[in-house]
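Keep the viewer open as you read.

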Amino acid sequence: MTYATDRIHDEIAYIAYHFHWSLEDILDLEHRDRRRYAEQIATLVTRAAAER
């Protein structure tokens, strides 16, 4: 099974936007770690929106 290219691009853009990390730094992450960061960002964004 391969991970969809569009999904990888979405994760990269999401992490780069929120954490301001470089493409190289994000691509150096293991897949599992990149997914975890994306999920953690989503949790933070959702929590911040709920607190408004």
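Contact here means heavy atoms within 4.5 Å, and helices are DSSP runs of H or I with at least four residues, numbered from the N terminus. This is a predicted model, in which local features need pLDDT of at least 70 and side-chain atom pairs count only at pLDDT 80 or more, while totals for chains, interfaces and linings use all residues. Residues are numbered from 1 along each chain as its sequence is written, and side-chain values use heavy atoms, with hydrogens and water left out.

How do the two helices sit against each other? Two packed helices are described by the angle between their axes and the distance between the axes. The axes of α1 and α3 come within 10 Å and cross at roughly 55°; axes are lines fitted to C-alpha atoms, for helices over the stretch in contact, and angles run from 0 to 180 degrees between N-to-C directions. The two helices are therefore oblique to each other, a label for what remains once angles under 35 degrees are called roughly parallel, over 145 roughly antiparallel and 65 to 115 roughly perpendicular. The crossing of α1 and α3 is left-handed, that is, the near helix is turned anticlockwise from the far one by less than a right angle.

Now look at the charged residues. Side chains of opposite charge can pair when their charged atoms come close. With a salt bridge taken as a side-chain nitrogen of Lys or Arg within 4 Å of a carboxyl oxygen of Asp or Glu, the count comes to four. One of them joins Glu11 and Arg34, at 2.8 Å from N to O. Because Glu11 lies in helix α1 and Arg34 in helix α3, this pair ties together parts that are 23 residues apart in sequence. Glu11 is buried at 2% relative accessibility, and so is Arg34 at 7%; buried means under 20% relative accessible area, exposed over 50% and partly exposed in between, with a 1.4 Å probe and protein chains only.

Glu11 also forms a salt bridge with Arg35, where the closest N and O atoms are 3.0 Å apart. That pair again links helix α1 to helix α3, across 24 residues. Arg35, buried at 19%, in turn meets Glu39 in a salt bridge of 3.3 Å, N to O. Arg35 and Glu39 are four residues apart in helix α3, which means that about one helical turn separates them. Glu39 is partly exposed, with a relative accessible area of 45%. Taken together, Arg7, Glu11, Arg34, Arg35 and Glu39 are linked in a network of salt bridges.

What about the rings? The structure holds three aromatic pairs. In the pair of Phe19 and Trp21, the ring centres are 5.0 Å apart and the planes are at 45°, so the pair is tilted. Rings of Phe, Tyr and Trp (its six-membered ring) pair if their centres lie within 6.5 Å, with planes under 30 degrees apart counted as stacked, over 60 as edge-to-face and the rest as tilted. Phe19 is partly exposed at 28%, and Trp21 is partly exposed at 28%. Phe19 also pairs edge-to-face with Tyr37, at 6.0 Å centre to centre and 85° between the planes. This pair links distant parts of the chain, since Phe19 belongs to helix α1 (residues 5-19) and Tyr37 to helix α3 (residues 31-50), 18 residues apart. Tyr37 is partly exposed, at 29%. Ring pairs link Phe19, Trp21 and Tyr37 into a cluster.
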